[in-house]
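Thanks for coming. Please have the sequence and the model open while I talk.

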Amino acid sequence: MSGDHLIGAFLEMMSAERGAAKNTIEAYRRDLVDYAGFAKAHKQTLLTLPRETVTAYLDDLRTQGLSASSSARRLSAIRQFHRFLCADNLREDDPTRIVASPKSRRALPKVLSVAEVDKLLATAEAETNATASPQKQAAALRLYLLLELLYATGMRVSELVSLKRSAVMRDASFITVTGKGNKERVVPVNDRARDAIRAYLKTLEPGQYLFPATGAEGYLSRQVFARDLKSLAGRAGISSARVAPHVLRHAFASHLLGGGADLRVVQMLLGHADISTTQIYTHVLDEKLRSLVEQHHPLSDSAK
């Protein structure tokens with residue numbers, strides 16, 4: 001059977017047996033005709049081409065500038081087509097079986113500089129010492145502690161706002177964080193955050209949560225914290241569009257790695273189950289390694 005007949009038979013099956021929409025059928029037709037044309041240009045047929053031709057086709061799509069998501073969509077159509085050929089005994093093997101789907105590169109996280117974080121913290125701390133009503137004073141102290149804890153530990157915002165007072169260990173040197181899947185991890189707290197915790201605890205009435213609120217959950221909502229943080233950024237002279245709780249989490253990880261911390265340690269502190277999630281921050285390590293090579297390589301200009 002010719003490539004056109006094979007594609008036609010597949011599309012008929014998709015329409016009759018799977019009820020694929022007309023637009024889906026047409027999209028599959030375009031993708032498979034292009035794929036068949038690539039095979040023909042390499043003097044191969046859809047019934048005989050090997051896995052290497054499938055990967056070469058994906059490489060060609062990437063060279064043409066096709067996005068990873070579009071290439072993945074085409075590979076999905078090609079997979080279904082080859083499974084159809086195998087199911088109908090037109091081919092004995094499936095050349096797409098172990099071909100990896102193209103993956104989009106994850107965008108690098110937005111990160112504030114150390115100086116910008118320091119400016120946020122300094123502004124928040126100054127506001128705790130400003131003359132104000134007891135209510136505003138309490139709100140300022142709460143925001144300062146939230147910010148100190150977020151940058152000191154890299155907690156997720158949901159973990160931070162829902163902290164229980166019992167999570168703060170004895171001298172406040174460590175905090176027990178309950179993360180995804182109710183998994184607990186113990187993270188250290190620096191001196192500044194520890195002092196902020198002690199000052200803040202003195203202002204609290206007895207209760208379960210470290211950041212109590214009158215809402216249904218009983219603790220501060222993420223939205224309120226995010227709003228207060230953006231407002232603080234404006235007062236610190238930093239664009240509020242660049243500041244959000246998760247940006248401080250990213251800053252924590254990036255600044256630690258930039259300072260020489262081990263990737264596995266950062267993984268543990270962030271509560272990532274898989275180190276591949278933490279590896280999004282390795283651009284910091286790449287820059288640090290390049291800088292070290294440029295500084296210390298015996299043939300580099302700076303080492304002479």
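Leaving aside neighbours within four places in sequence, His272 is in contact with Arg156, Arg249, Gln267, Thr277, Thr278 and Tyr281. Contact here means heavy atoms within 4.5 Å. His272 sits in the loop between α11 (263–270) and α12 (275–278). Helices are DSSP runs of H or I with at least four residues, strands are runs of E with at least two, and both are numbered from the N terminus. With a relative accessible area of 14%, His272 is buried. For that term, buried is under 20% relative accessible area, exposed is over 50%, and partly exposed is in between, using a 1.4 Å probe and protein chains only.

Before I go on, the ground rules. This is a predicted model, so local features need pLDDT of at least 70 and side-chain atom pairs count only at pLDDT 80 or more, while totals for chains, interfaces and linings use all residues. Residues are numbered from 1 along each chain as its sequence is written, and side-chain values use heavy atoms, with hydrogens and water left out.

On confidence: pLDDT is the predictor's confidence in each residue, from 0 to 100. The chain averages 88, and 90% of the residues score at least 70. Where is confidence lowest in the chain? In helix α13, residues 282–296, with a mean of 57. Helix α9, residues 222–235, has the highest, at 97. Where pLDDT is low, the predicted coordinates should not be read in detail.

Now the annotation. An unreviewed UniProt entry places the feature "active site" at Arg156, Lys180, His246, Arg249, His272 and Tyr281. UniProt positions are given in the numbering used here, feature names are shortened, and annotations may be inferred rather than shown by experiment. Which of this set are in the lining of the largest pocket? Arg156, Lys180, Arg249 and His272 are.

That pocket has a volume of about 290 Å³. Of the 13 residues that line the pocket, the closest to its centre are Arg156, Lys180, Gly271, His272 and Ala273. The lining divides into two nonpolar, five polar and six charged residues. In that count, Ala, Val, Leu, Ile, Met, Phe, Trp, Tyr, Cys and Pro are nonpolar, Asp, Glu, Lys and Arg are charged, and the others, Gly among them, are polar.

As for how a pocket is found: on a 1 Å grid over the protein atoms alone, a pocket is an open set of points where a 1.4 Å probe fits, with protein on both sides within 12 Å along at least five of seven lines, and lining residues have an atom within 4 Å of a point. Grid points are joined across faces, edges and corners, and the volume is the space filled by probe spheres set on the points.

Next, some positions around that part of the chain. Arg264 is in helix α11 and is exposed, at 53% relative accessibility. Arg264 and Thr278 are 14 residues apart along the chain, and their C-alpha atoms are separated by 8.4 Å. Gly258 is in helix α10, residues 245–258, and is partly exposed at 32%. From Gly258 to Tyr281 is 23 residues along the chain and 9.6 Å between C-alpha atoms.

Two backbone angles are worth a note. Asn89 has a positive phi of about 60° although it is not a glycine. Ala172 also has a positive phi, near 65°. Are these two residues buried or exposed? Asn89, in the loop between α4 and α5 (114–128), is exposed at 71%. Ala172, in the loop between α7 (157–161) and β1 (174–178), is buried at 3%.

Last, Ala87. Ala87 lies in helix α4, residues 68–87, and is exposed at 61%. Between Ala87 and Leu163 there are 76 residues in sequence and 54 Å in space, C-alpha to C-alpha.
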